[in-house]
Amino acid sequence: MTALPRTVLRGVALAGAATLALTACGGGSADDGGTAGEPVDTGSVLEDGGELLVWAWEPTLEQVVEDFEAEYPNVDVELANVGTGNDAYTALQNAIAAGSGVPDVAQVEYYALPQFAIAESLADLGGLGASELDGTFTPGPWASVQQGDGIYGLPMDSGPMALFYNEEVFTQHGVAVPTTWDEYVEAGRALHAADPEVYITSDSGDAGFTTSMIWQAGGKPYTVDGTDVTIDFTDEGSARFAEMWQQMVDEELVSPVAGWSDEWYQGLGNGTIASLIIGAWMPANLESGVEAAAGKWRVAPMPQWEAGGSDTAENGGSALSVTAASEQQELAYAFIEYANAGDGVQTRIDGGAFPATVAELESEEFLGKEFPYFGGQKVNEVLAQSAQGVVEGWQYLPFQVYANSIFNDTVGQAYVSDITLAEGLADWQEASVAYGNEQGFTVSD
Amino acid sequence: MTASTAPTGVPADAAPVAARPGRPHRATPVRRAARGSSRPRRSVLLTLTTGIVLVYSLVPLAWLLINATKTQSSLFGSFGLWFSGDFALFSNLAQTLTYDDGIFVRWLGNTLLYVVAGAGGATALAVIGGYGLAKFSFPGKRGVFAVVIGAVAVPGTALAVPTFLMFSRMGLTNTPWSVIIPSLISPFGLYLMWTFAAEAIPTELLEAARMDGASEWRTFFRISLPLLAPGIVTVLLFTMVATWNNYFLPLIMLRDPDWYPLTLGLNAWNAQATTAGGEAIFNLVITGALLTILPLIAAFLLLQRYWQSGLAAGSVKE
């Protein structure tokens, strides 16, 4: 029952994606998907009101919608959770391909945004007022929502990476919290040697993690210029990451438990997974999902390649975008501006989200907040610091959703068979290049 | 079920007489089987195999029951097949029913709607169609037979995607109709009713009714329907289980969580744990799953004797 439907469903989604990508390329650069009108006079649009359909899985949006409707009673926002990540993109692609039931606003992760933007499924918000928001958001997320000259979404949250660790486990085994990747590998060995049940982290092959790690290491495997794409996993940054992580995999220092599974939550709770290198949105997940370890976790800056450095990368995070098919783009824009750059931001921070807006990231209240779960640590100080250090110039593929879906068939094999990560990355590159060319992109490696 | 399908004003002379000729046909195989088991031949191997199968099918249920009594944190911190920590069943139940403004109750209502409209409708169509095919001759009957047999062989899953594309063109996706309409068709139910009606209703009885001047509808409702009751319950159970557990069809048809059936809703809850910022609610997923299977268990226990006699229908030629 489970295997077949997924495959069929993916088939539908891919067929949809294929059509979209092809039409996109056929159309050339005649015009961008959205309206190129005047900046929205949000006041009057909100006054006139209307109905909006929003597809998002971010839990803090519920409160935002409630507040928004209270403030603008003429607007009726229907918030639907149609699935998380990939499920949501499949749904969105199906709706767009079917031409009916397309939401006005959709939550799209940064890595998936180029795919929808280049297929002209999303509206260019530049003309609606987004171009005036330059400087409102931190550079990483702000760059992520731009594609060519267009702005295809407003950043909702961000995931500058940090080292989340279980202090009790580190102290118990007398292992210092690593600040560089060399120390990290050493710490991994020490922890696992002290207690064979304990692993410094878990990784069974995760595309988001791998690309973010390469990003921090200074790798730029993807270069995208319109429909000209280059994929190259042999650059220095990618190699640096692959070499270091290969040791972790070879010496079995990473737990083979898959991220977000119930074993993973269990491991985070009982100390057998001692740390995570993950995005700044993690505190809320720990608080709700890993109650058992309350008070034991702490946050430290991401380990560095050069001692004393401060390079980081983004991991996850998503934007709210207005669809090209929406008939109420102005109203939809007014809503996402409220949610992501207006009053909604504070509401979402109160709900546990990590913002992408500069003002909030710099506010005393935000930085000074003490987290009981983290033993009273002012976690946001570390995380906001990380947001400053995000390495510039990273790009995702315009077909990253597909590429990530084949990650486990290629790089993932390095975790279960005797091929190396570098070989796996080469396979991934090859498969991605082939797919991109099939889709009508000009891809070289 | 029998009570609701049997007509209330059955003429005292018609129904009992009508029922009698049919009964022995169906009762015989059951009685024969019963006689066989009164002289049991013990087989260690058979007992052992049955025992293993029994344990195999009951362990997941026991696991579900035990773990529905645990809190989120004791779920991870304790042995799976025994109780541990506070007995949290009632708070889990309360939370399940109230979480997210009681969306679980809404999903339960949706599932009931799909079962009543979909499985009920499918049964009604199968009964009418099966009766017609069994008791009337008309040109093209062989063709219909071939189509029905062919349709039994095609899994519904294979048709879900084409159905989705068709429905989306008709603007029906993301509405309850997109789940109910495909559920109305049950080729297997039709085939079962067909063979059952052919066995259970003597043609002579219908001829007698016609001679007495009863219209076809009257004959159907007053005479045939009561005779078909065991078969109807069987088909109803089949379609009910299929609709209750239906996952793939609603998965691709529905986007609005307000129209989700329980299967999709529980999956959505489970997926919350895999989201940045999502709330992990494994304890509610487990309690919800327990609540989801209870009505099915009840239906089986209450209707099991019909289920057995219905399954045997048509298996023995007399």
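**Figure 1. Confidence of the predicted complex and its two chains.**
The predictor assigns the complex an ipTM of 0.71 and a pTM of 0.79. Chain A has a mean pLDDT of 88, with 91% of its residues at 70 or more. Residues 1-36 of chain A have a pLDDT below 50, and this stretch makes 50 contacts in the model beyond near neighbours in sequence. The average pLDDT of chain B is 82, and 83% of its residues score at least 70. Among the elements of chain B, the lowest mean pLDDT, 38, belongs to helix H1 (residues 2-5) of chain B, and the highest, 94, to helix H3 (residues 44-67) of chain B. In residues 1-36 of chain B the pLDDT is again below 50, with 38 contacts in the model beyond near neighbours in sequence.

**Figure 2. The side of chain B that touches chain A.**
The contact involves 27 residues of chain B and 35 residues of chain A. On the chain B side, the elements that contribute two or more residues are helix H4 (72-77), helix H7 (156-170), helix H12 (248-253) and helix H13 (262-272) of chain B. H4(B) contributes the most, 4 residues. By class, this side of chain B consists of 12 nonpolar, 12 polar and 3 charged residues.

**Figure 3. The fold of chain B.**
Chain B contains 14 helices and 0 strands. Of the 318 residues in chain B, 34% are buried. Contacts in chain B between residues at least 6 apart in sequence join residues at least 24 apart in 76% of cases.

Most residues other than glycine have a negative phi. Asp101(B) has a phi near 60°, a positive value in a residue that is not glycine. This residue, Asp101(B), lies in helix H5 (residues 89-135) of chain B. Asp101(B) counts as exposed because it has 9 C-beta neighbours inside 10 Å, and the limit for exposed is 12 or fewer. Asn174(B) also has a positive phi, near 65°. Asn174(B) sits in the loop between H7 and helix H8 (177-183) of chain B. With 21 C-beta neighbours inside 10 Å, Asn174(B) counts as buried, since the limit for buried is 20 or more.

**Figure 4. The contact between the two domains of chain A.**
Chain A is divided into domain 1 (3-158 + 317-362) and domain 2 (161-313 + 393-444). The centres of domain 1 and domain 2 of chain A, taken over C-alpha atoms, are separated by 28 Å. Domain 1 of chain A brings 19 residues to the contact and domain 2 of chain A brings 18 residues. On the domain 1 side, two or more residues come from each of helix H1 (3-27), helix H4 (86-98) and helix H5 (113-118) of chain A. H1(A) supplies the largest share of this side, 5 residues. The side of domain 1 of chain A that touches domain 2 has 12 nonpolar, 6 polar and 1 charged residues.

Helix H17 (residues 379-388) of chain A is largely enclosed by the rest of the structure, because 7 of its 10 residues are buried. The buried residues of H17(A) are Val379(A), Asn380(A), Val382(A), Leu383(A), Ala384(A), Ser386(A) and Ala387(A). Their cover includes strand E7 (161-166), helix H12 (282-289), strand E13 (297-301), helix H15 (358-362) and helix H16 (364-367) of chain A.

**Figure 5. The crossing of helices H10 and H21 in chain A.**
Two packed helices are described by the angle between their axes and the distance between the axes. The axes of helix H10 (residues 236-250) and helix H21 (residues 421-438) of chain A come within 8 Å and cross at roughly 130°. H10(A) and H21(A) are therefore oblique to each other. Ser238(A), Ala239(A), Ala242(A), Trp245(A), Gln246(A) and Val249(A) of H10(A) meet Leu421(A), Ala422(A) and Leu425(A) of H21(A). The residues of this contact divide into 7 nonpolar, 2 polar and no charged.

**Figure 6. The loop position of Gly342(A).**
Gly342(A) lies in the loop between helix H13 (329-341) and helix H14 (344-350) of chain A. Gly342(A) has 18 other C-beta atoms within 10 Å and is therefore partly exposed. From Gly342(A) to Glu430(A) the separation is 88 residues in sequence and 43 Å in space, C-alpha to C-alpha.

Definitions and conventions:
Residues numbered from 1 in each chain as written. Chains lettered and ligands numbered in written order. Predicted model: local features only at pLDDT ≥ 70, side-chain atom pairs only at ≥ 80, totals over all residues. Contact = placed C-beta atoms within 7 Å. Nonpolar A, V, L, I, M, F, W, Y, C, P; charged D, E, K, R; others polar. Domains from an automatic or database assignment. pLDDT = per-residue confidence, 0-100. Axes fitted to C-alpha atoms, helices over the stretch in contact; angles between N-to-C directions. Parallel < 35°, antiparallel > 145°, perpendicular 65-115°, else oblique.
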